[in-house]
Amino acid sequence: MQNFRPLIFSETRETLAAALEARGEKPFRATQILEWIYKKRVRSFDAMTNVPAGTRAWLAETYDFMPAELVAKSEQSDDVTEKFLLRMRDGALVECVILRAPQEVAGEERSRKTVCISTQVGCAQGCRFCASGLAGWKRNLDAGEIVAQLMFVCWEGGDKGTRETGFTDFDNIVVMGMGEPLLNLDAVMRALRVANAPWGLGVGARRITISTSGVVPKIRELADDPMQFRLAISLHGATDEVRSRIMPVNRKWPLAQLVPAAKEFSEKHGRMITLEFILIEDVNDSNEQARRLAEIARELHAHVNLIPYNTVEGLPWKRPSGNRQMQFLKTLQERRVPATLRREKGHDIDAACGQLRLRHLDKEGA
C-alpha cells in the first residue's frame, strides 16, 4: 500500500531475520520478536522488553504494528456469532466473524470456535445474492491485513492459547469472508503460512479452509501447493443454468471445468472437499437441484454444507421454509451424500458477508 510502512504481521520468520541481519542484528532476534507478537500478544514494539531499545526503535520506524481499528462489533443474542468491523489504514472497512458450535466432547464446557476472515475490500465476483459486492470491489488486502483479523480475535478472546490448537483462541480458520480468496492468492497464502507456522499462530493446516466461488485456474494452482489446507467450493447451483443465474463466475468457468479442477485438488491433497450451498427459495431449492447436487458431491466424494439464506436488505431473495430445507437435506442423505444443514448462526446480526460493512457505509454516506 502506498504511503504506509509495511505491516509487521506480513513478515515471516525468514524475511524478518533477513531484515534484521541486514542491519547487523543476530537472526535469533526474529524469533524473539515473533514470540512477543503471536505468543505473548503485545500490541506495541515497546512492550518487547528483552529486545534491545535500538532494535525496538528500528522496528517502530520500519513497520506499522496496528493495521486496523475496531469500528463496530455485533453479537448474536444467543452468543453464538460475533462480527467485527475493522477500519484499515486507508479507511477501508473489512469484516471478520466468529462462529461458535458446541463441542461434542464429554466434560468439555466450551464451544468450537471458527474465525471467518476476509481477503478483499468488497468483491468483484458479482454473486447476485451476496452483500459483499454491492458496494463494489476496492482493493486486495495484503497479508498483514489478513493476519490482523486473526489477531483482533485473539486480543478480544484474551485467554492466550488455552485451546487445543496451541497459541490461538480459536479452533478453525475459514477464508470465506468478503472477497474471492483465489484472486488474491499470494497474499492469502503468505497470511495462512503465518497462521500455520509454529512461530506464528500454530493453527494446523487441516483446520484451515480456503473457499472459492470457482476460479478454476487458481484451484489448479492451489492443488500444486504443498500446504495441506482444505478447500471449499461455493457452488450454490447444481446446474449451469441455475448457477449462471446467480453466480457470473460460472459463465467463465462452468461446471464442466470446475468439477474436474476440484477433483484434481482432492486427489492431490487427499482431502475431502466441502461444497457450500446457500438455499434460496424458488431458485436452487428444488428436488431436481438436490438430485443434481448429489451427483456432483458423489463424483467428488465431497461433504455438502447447506446454508439457509441470510436475508440482505435490497435483494429479493428469501430462505426456504424449514420443511423445504429438511426435504432438500433428506434427498441428499437418501443418495448417501454426507451433508449438514447449518442452523441459525448470525441471522439476527446480519452475519452474511458484507452486511455490517454496508450498513456502516450507508451511515457515513459513502
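The model is a predicted one, in which local features need pLDDT of at least 70 and side-chain atom pairs count only at pLDDT 80 or more, whereas totals for chains, interfaces and linings use all residues. Residues are numbered from 1 along each chain as its sequence is written, and side-chain values use heavy atoms, with hydrogens and water left out.

Glutamine 289 belongs to helix H10 (residues 287-300); helices (H or I, at least four residues) and strands (E, at least two) are DSSP runs, numbered from the N terminus. Leaving aside residues up to four places away in sequence, glutamine 289 touches Gly237, Ala238, Thr239, Val242, Phe277, Asn284 and Phe328, where contact means heavy atoms within 4.5 Å. A polar atom of the glutamine 289 side chain lies 2.8 Å from the backbone nitrogen of alanine 238. Threonine 331 is 42 residues from glutamine 289 in sequence, and the C-alpha atoms of the two are 9.8 Å apart in space.

## Salt bridges

The structure holds 19 salt bridges, each defined by a side-chain nitrogen of Lys or Arg within 4 Å of a carboxyl oxygen of Asp or Glu. One of them joins the side chains of glutamate 82 and arginine 100 at 2.4 Å, N to O. This pair links distant parts of the chain, since glutamate 82 is in strand E2 (residues 81-88) and arginine 100 in strand E3 (residues 93-102), 18 residues apart; glutamate 82 and arginine 100 are both buried. The side chains of lysine 83 and glutamate 95 meet in another salt bridge, at 3.0 Å, N to O. Here too distant parts of the chain are linked, with lysine 83 in strand E2 and glutamate 95 in strand E3, twelve residues apart, and both lysine 83 and glutamate 95 are buried.

A salt bridge of 2.1 Å, N to O, is found between the side chains of glutamate 264 and arginine 220. Because glutamate 264 lies in helix H9 (residues 255-269) and arginine 220 in helix H6 (residues 216-223), the pair ties together parts that are 44 residues apart in sequence. Arginine 220, with a relative accessible area of 31%, is partly exposed, and a network of salt bridges links Arg220, Asp224, Glu264 and Lys268.

## Helix H11

At 1.5 Å a residue, the 13 residues of helix H11 (residues 322-334) should span 18 Å, which agrees with the 18 Å between its end C-alpha atoms; the expected span is 1.5 Å times one less than the number of residues.

The buried residues of H11 are Gln325, Phe328, Leu329, Thr331 and Leu332. They cover an arc of only 155 degrees around the axis, so they lie on the same side of H11, the arc being that of the directions from the helix axis to the C-beta atoms. These buried residues pack against strand E10 (274-279), H10, strand E11 (303-308) and strand E12 (339-341). Just after H11, arginine 336 takes a positive phi of about 60 degrees.

## Cysteines

The structure holds zero disulfides, a disulfide being a pair of cysteine sulfur atoms within 2.5 Å. Cysteine 96 is in no disulfide, and its nearest cysteine sulfur, that of cysteine 116, is 8.6 Å away; cysteine 96 counts as buried at 0% relative accessibility.

Key:
Polar contact = N/O pair within 3.5 Å; in protein donor to acceptor, adjacent residues only side chain to side chain. Buried < 20%, exposed > 50% of the residue type's maximum accessible area, 1.4 Å probe, protein only.
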